[in-house]
Amino acid sequence: MTASPSGPHTDGSDGRDLVAVLRRWEDCGAVWRVLAQGPSGVTVALCQCDGGQEVERFTSTDPGLLAFLAGRSSSEE
C-alpha cells in the first residue's frame, strides 16, 4: 500500500522492509525526513530528490526502523 501525502498512513504492516525503502530512497538521491516520533511510532516523509514535495509518508513502530533512524531527522544528516 502506497500512501499519498493526504492519504492514509501505513504502519509498515504491508510487508515492506522500511529500512530498505529508506536506503533505496537515499541511494537514488531522494530525501526522507522524520516528521514525528513518539509512543505511537515514527512518521517518515519521502520527498523528491530536491527535498521538496512529499511523495509518500508512513508511520511505523518497527524496532529495526527505529534503530536505523536513531537520532537522525533526515537523510541529509
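**Notes on the fold and its aromatic pair**

1. Starting with the contacts: among those in the protein chain with a separation of 6 or more, 44% are between residues 24 or more positions apart. Keep in mind that this is a predicted model.

2. On the layout, the protein chain has two helices and three strands. Read from the N terminus, the order is α-β-β-β-α.

3. Now burial and surface. The protein chain has 77 residues, and 39% of them count as buried. Its accessible surface is about 4300 Å², with carbon and sulfur atoms contributing 51% of that.

4. Where do the two partners lie? W32 is in strand 1, which covers residues 31-38, while F68 belongs to helix 2, residues 63-69. The two are 36 residues apart in sequence, so the pair ties together a strand and a helix from separate parts of the chain.

5. Are W32 and F68 buried or exposed? Both W32 and F68 come out as buried.

6. One more thing about F68: R72 lies over the face of this ring, 5.3 Å from the ring centre.

Note on methods. Residues are numbered from 1 along each chain as its sequence is written. This is a predicted model: local features need pLDDT of at least 70, side-chain atom pairs count only at pLDDT 80 or more; totals for chains, interfaces and linings use all residues. Side-chain values use heavy atoms; hydrogens and water are left out. Helices (H or I, at least four residues) and strands (E, at least two) are DSSP runs, numbered from the N terminus. Buried means under 20% relative accessible area, exposed over 50%, partly exposed in between (1.4 Å probe, protein chains only). A charge sits over a ring if NZ of Lys or CZ of Arg is within 6 Å of the ring centre and within 35 degrees of the ring normal. Contact means heavy atoms within 4.5 Å. Accessible areas come from the Shrake-Rupley method with a 1.4 Å probe; for residues, only the protein chains shown count as cover.
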